[in-house]
Structure formats: structure tokens, C-alpha cells
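Here is a short briefing to read alongside your structure viewer.

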Amino acid sequence: MTFGPVDACLQPAEYVDSASPQIAAFAARVCGDAGDDITRAVRLYYAVRDEIVYTPYCDFRSRETFRASACLAQGSGFCVAKAALLAAAARAVGVPARVGFADVRNHLTTPKLRRLMGTDTFYHHGYTELFLEGKWVKATPAFDRRLCEKFGVRPLEFDGQADSLFHPYDVAGRRHMEYLADHGSFADVPVDEILEIFTREYPGLTAADASPTRFRVEAEELRSQEESAS
């Protein structure tokens, strides 16, 4: 488990690129007149969660897919990129932040994504850790509110004091997310390691026919089919 010192979690990194002018402008806009770190962290969390569309359909052959500023510029990204964006924006306003990774089993993923991945296990799912009031707090900004509505999943809330992690069940009581393994936290995204794992585990998941809202459409279609069958 790799934990960088707090000071290292304030410095710009290659993928958590908090020195980017675009990141700085985003963080300043979102934080506005916030007078304390918890308020800044909470505002940034909701901005990254809901302003950036979640999509698992990315070009995982490109390192830009993992970079915070690229995620911001595109307005969409997968869990690792959104976690990096939240960490970068937090650093830009003086809140120490780092990225963490865990393997999770998603019981409610779409059939199309499961076929492409060949599994319902998401290796190295990304989350953010923020240093607030003397302790590290986990935040998971991956799934935007609109996507959660399509899936019938409760959006994850964050108050800056308690860990915000995926719900084990959805609003109907179905199994949702199951945490399998934790890989610790890092000052920057370990892209080489993640690329190696994705190449080995997800050979069918490519950038072909990808769009930021494709996964949202799949979720809506799946829920409609389930409601029709019930």
C-alpha cells in the first residue's frame, strides 16, 4: 500500500495535474466563496460527480484517458479519470488529495458492457481521498446523478467527514457494488500498472463506438426492459 506524505498530495503530478490552468479555473469557479476545506471539498465533489458524465467507454490505449485535465476538457470520463480530476481540483485550492484503487464487482452493469469486459469485476476502480480536519476521507465521484437515475441507484453523497463509497444495494434492494480488494492510495495515477491490468483482463473493451452518453442510454434501456418484464 503506497501512501504519499500529505505535502506530496498538494503538488502537481503527471495525471493529477493540478497546475493546469483549466483545473485551477474549474476549482476556483466551483469553490467560489467557500471559507473552509470541507466546504471546498464538498463543492468540488458534487461538481465532478454531476458535471462530468461517467462513461466506461474510453480509449484505454491512450494515457490522456487517465489525465485529470483531459477528463475536464472532455466533460466525461471513467472512474479513475474522475477521481484524478477531483484530486487535482482539490490540490488546486490547497486541499491535500490522492487517488485510491479497489477491485469491485458491479452486479448491475449492462449486458453490453459485461460482454465487452468479459466479467462484472472492475479492476482498479478509482476513488479519491481528501485530507480534511486531520484525517483522510474517501470520496467516490464516479456515477453522475443522471446515470444513477437511469439505473435506479442512489447517488453517492459526500459531507467531507464520512467515507463515501458505493452502496451494496440499489433502491429496489438488488445487489449493486461489492468491494473485493483494496490496492491503497497514491499521489498520482499508476497508469503503467492499470494499463497492464486492463490489457490483460479486458481485451474486448476498446474505444470503438464510444460516446460519453452511450452507457447512460444502455442503463435506460436495461431498466425499461426490467420494468416491462415485472
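Predicted model: local features only at pLDDT ≥ 70, side-chain atom pairs only at ≥ 80, totals over all residues.

Residues are numbered from 1 along each chain as its sequence is written, and side-chain values use heavy atoms, with hydrogens and water left out.

**Overall layout**

- The protein chain has eight helices and six strands; these elements are DSSP runs numbered from the N terminus, with helices being H or I of at least four residues and strands E of at least two.
- Read from the N terminus on, the order of elements is α-α-β-α-β-α-β-α-β-β-α-β-α-α.
- Of the 230 residues in the protein chain, 53% count as buried; buried means under 20% relative accessible area, exposed over 50%, and partly exposed in between, using a 1.4 Å probe and protein chains only.
- Of the contacts in the protein chain between residues at least 6 apart in sequence, 71% join residues at least 24 apart, where contact means heavy atoms within 4.5 Å.

**Helix 1 against helix 2**

- Helix 1 (residues 21–31) and helix 2 (residues 37–51) have axes that come within 9 Å and cross at roughly 115°; axes are lines fitted to C-alpha atoms, for helices over the stretch in contact, and angles run from 0 to 180 degrees between N-to-C directions.
- Helix 1 and helix 2 are therefore roughly perpendicular to each other; angles under 35 degrees count as roughly parallel, over 145 as roughly antiparallel, 65 to 115 as roughly perpendicular and the rest as oblique.
- The crossing of helix 1 and helix 2 is right-handed, a term used if the near helix is turned clockwise from the far one by less than a right angle, with anticlockwise giving left-handed.
- On the helix 1 side the contact is made by F26, A27, R29, V30 and C31, and on the helix 2 side by R40, R43, L44, A47, V48 and E51.
- By class, the residues of this contact of helix 1 with helix 2 are seven nonpolar, no polar and four charged; Ala, Val, Leu, Ile, Met, Phe, Trp, Tyr, Cys and Pro count as nonpolar, Asp, Glu, Lys and Arg as charged, and the others, Gly among them, as polar.

- The axes of helix 1 and helix 4 come within 8 Å, crossing at roughly 75°, so helix 1 and helix 4 are roughly perpendicular to each other.
- I23, A24, F26 and A27 of helix 1 make this contact with L85, A88, A89 and A92 of helix 4, giving eight nonpolar, no polar and no charged residues.
- For helix 2 and helix 4, the axes come within 10 Å and cross at roughly 150°, so helix 2 and helix 4 are roughly antiparallel to each other.
- The crossing of helix 2 and helix 4 is also described as right-handed.
- Here L44, Y45, V48 and R49 in helix 2 meet K82, L85, L86, A89 and A90 in helix 4, a contact with seven nonpolar, no polar and two charged residues.

**The nonpolar core**

- The largest nonpolar core holds 66 residues, of which L44, F66, F78, V99, L130, F158 and V189 touch the most other members; such a core is a set of buried Ala, Val, Leu, Ile, Met, Phe, Trp, Tyr and Cys residues joined through side-chain atoms within 4.5 Å.
- Helix 4 (residues 79–92) gives the most to this core, with 11 residues.
- Neighbours within four places in sequence aside, L44 is in contact with F26, A27, V30, C31, L86, A89, A90 and V93.

**Single residues worth a click**

- A83 is found in helix 4 and counts as buried, at 1% relative accessibility.
- Leaving aside neighbours within four places in sequence, A83 is in contact with V99, G126, Y127, T128 and P141.
- D36 sits in the loop between helix 1 and helix 2 and counts as partly exposed at 36% relative accessibility.
- H124, in strand 4 (residues 121–132), has a positive phi of about 55° although it is not a glycine, and H124 is buried with a relative accessible area of 2%.
- E133 lies in the loop between strand 4 and strand 5 (135–139); its phi is near 50°, a positive value in a residue other than glycine, and E133 is exposed with a relative accessible area of 69%.
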